[in-house]
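Look at the sequence and the structure below.

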Amino acid sequence: MKNKVWLILKKEIRETFRDKKSLSMMLIIPILIPLMVLGMSALFEAQMNEDINEYNKIGIAYEPTEVEKEIFKNLGIEVVYGEVDDLKEKYSFGELDLYLTKEDTVYTINGTEGASTSYASKLVESYFVAYKQFLQSEYLADKNIDPNEVFDIIKLDRNIAESNNYFSSYVTVYSFLFIIMAITVSATYPATDSTAGEKERGTLETLLTFPIKSRDIIVGKFLSVSLSAAITGFLGLILMEIALYLSSNWFTVFEGVDLTLSPLHLVVVSLVIITFSLLISGLCIAIASKCKTFKEAQSALTPLNFICFFPGMIAFMLDIESSVWLSMIPFVNVTTIFTDMTNGIVDWLDIGLMFLSTGVIIFVVLWLIIRQYKSEKVLFTN
C-alpha cells in the first residue's frame, strides 16, 4: 500500500509543480500577507499621528470669552468667526472641520460624519471639558468653596497589567486569518485538477485501470494537495513573522510591543497550519470529486474560501474567547486559539480538543471520499 500511495503522491506532486497556476497559487498568494501587515500598520500609524492642522479649523458663531480664547490657543484650535449661515457654507466647501453654535448655555457641535470630523470633534470636546472645569471652579470660588475639595473628592489610581495593544492584536490575528485563506486558495486548484480535472480529461479512468485501490489513489491525492497547502501556509507564516518584526521596528504605534510570535507559539501555529491544510484539502477533494468538470468544481469550491475566513473574522471582531465547545467547531477554533495566544493565553485543553476534533473530521471526510470513489457515478463523467 505504501508503495502505491508513494507512486500516486509523486505523480500528483510532479503535476502540481509543473502547472504554473498551481505554483502561482502556492507561492504568490502568501506575498500578499506581508503587504497586508505593513499596509495596516502604516494606516494605524497615520491615524495615531494625525497632524492637528488637518482637523483644527473650527468655526464659532458667537463671541467667546477671554478664557475660551486662551483655551483655544492652548489646544491649537484655529478659530474662524462668522454667522451661522456663513460658517455652514464654509464647512460645506471644506474650509472648516466643524462649527459651533450657542443658544443660552447650550453649545452645539455641527458637522457630518467622517474621519476629519471625528478628530475635530474630540478636539472640541477637550475644549469644552477644560472650559466647563474653569466655570465650575469659578462658581465654587464665588460660594467660598475650595474647588479642589469638590473635584478631588475621590482619587483614581491605575493598576492595569501591560499587554499587547489593540492594534497589535488586530494586525497579528488578521495576518493569521489571511494565512488560513491562502491555504484554502492554494488547496483549491490542485484538488480541482486532480479530481474533476482528471475526469474531464479522461485520465482518471485510465488511472483506475491500474492495479491500485481507490483508497491508495485518494490518500496519494490527499497528501499531495495537503503538501501544496502546507507549503503555502509555512511560506505565509515566515513572511508574516518578517513583516511583524519590521512593523515592530518601523512604526511607533507598536512601541514597546513585540509583534513576533514566541517559539512556543510558532510550534503551535505550525501544527495548526499542518492540521488545517489536511482538513481543507480533504474538504476540497470531497467537493470537487462530486463535480464533472473543472469549471463546475471551481464554482462549487468558491464558497469555501469565504467559509474558512468569515467565521474566524466574526469571532475576533466580537472578541470571543476559546472554550471547550468552540474548540471543536471548525474554522472558528483556529482563530479563537490564535487570538488567545496573542493575548498570552495558552489553553492546552482547548488546543488538544481542536486537534482531536479536526482529526476526527479529516478521518470522516477521507472515509466519505473513498466511498464516493467506489461509485461509478463519481468515477466517470458520463
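This is a predicted model: local features need pLDDT of at least 70, side-chain atom pairs count only at pLDDT 80 or more; totals for chains, interfaces and linings use all residues.

Residues are numbered from 1 along each chain as its sequence is written, and side-chain values use heavy atoms, with hydrogens and water left out.

A nonpolar core is here a set of buried Ala, Val, Leu, Ile, Met, Phe, Trp, Tyr and Cys residues joined through side-chain atoms within 4.5 Å. Buried stands for under 20% relative accessible area, exposed for over 50%, and partly exposed for what is in between (1.4 Å probe, protein chains only). In soluble globular proteins, nonpolar side chains tend to be buried together. The largest nonpolar core of this model has 63 residues, and Val269, Ile280 and Ile369 have the most contacts inside it. Eight helices are listed as supplying at least two residues each to this core: α3 (32–48), α8 (166–201), α10 (214–250), α11 (263–288), α12 (294–307), α13 (310–317), α14 (332–342) and α15 (348–372). Helices (H or I, at least four residues) and strands (E, at least two) are DSSP runs, numbered from the N terminus. With twelve residues, α8 gives the most to this core. Apart from this core lies another one, of 15 residues, including Tyr62, Ile77, Val124 and Phe128.

Ile280 touches Ile183, Thr184, Ala187, Leu304 and Phe331, leaving aside residues up to four places away in sequence. Contact means heavy atoms within 4.5 Å.

Next comes a pair of helices. Two packed helices are described by the angle between their axes and the distance between the axes. The axes of α10 and α11 come within 8 Å and cross at roughly 140°. Such axes are lines fitted to C-alpha atoms, for helices over the stretch in contact, and angles run from 0 to 180 degrees between N-to-C directions. On the α10 side, the residues that meet α11 include Phe222, Val225, Ala229, Phe234 and Leu237. Their counterparts in α11 include Leu266, Val269, Ile273, Ile274 and Ile285. The residues of this contact of α10 with α11 divide into twelve nonpolar, six polar and two charged. Ala, Val, Leu, Ile, Met, Phe, Trp, Tyr, Cys and Pro count as nonpolar, Asp, Glu, Lys and Arg as charged, and the others, Gly among them, as polar.

For Asn144, phi is near 60°. Asn144 lies in the loop between α6 (115–142) and α7 (147–151), and is exposed, with a relative accessible area of 74%. For Phe331, phi is near 75°. Phe331 has its place in the loop between α13 and α14, and is buried, at a relative accessible area of 11%.

How many salt bridges does the structure hold? There are three, a salt bridge being a side-chain nitrogen of Lys or Arg within 4 Å of a carboxyl oxygen of Asp or Glu. Asp86 pairs with Lys90, the closest N and O atoms being 3.8 Å apart. Both lie in helix α5 (residues 84–92), four residues apart, about one turn of the helix. Salt bridges that share partners join Glu63, Glu66 and Lys69 into one network.
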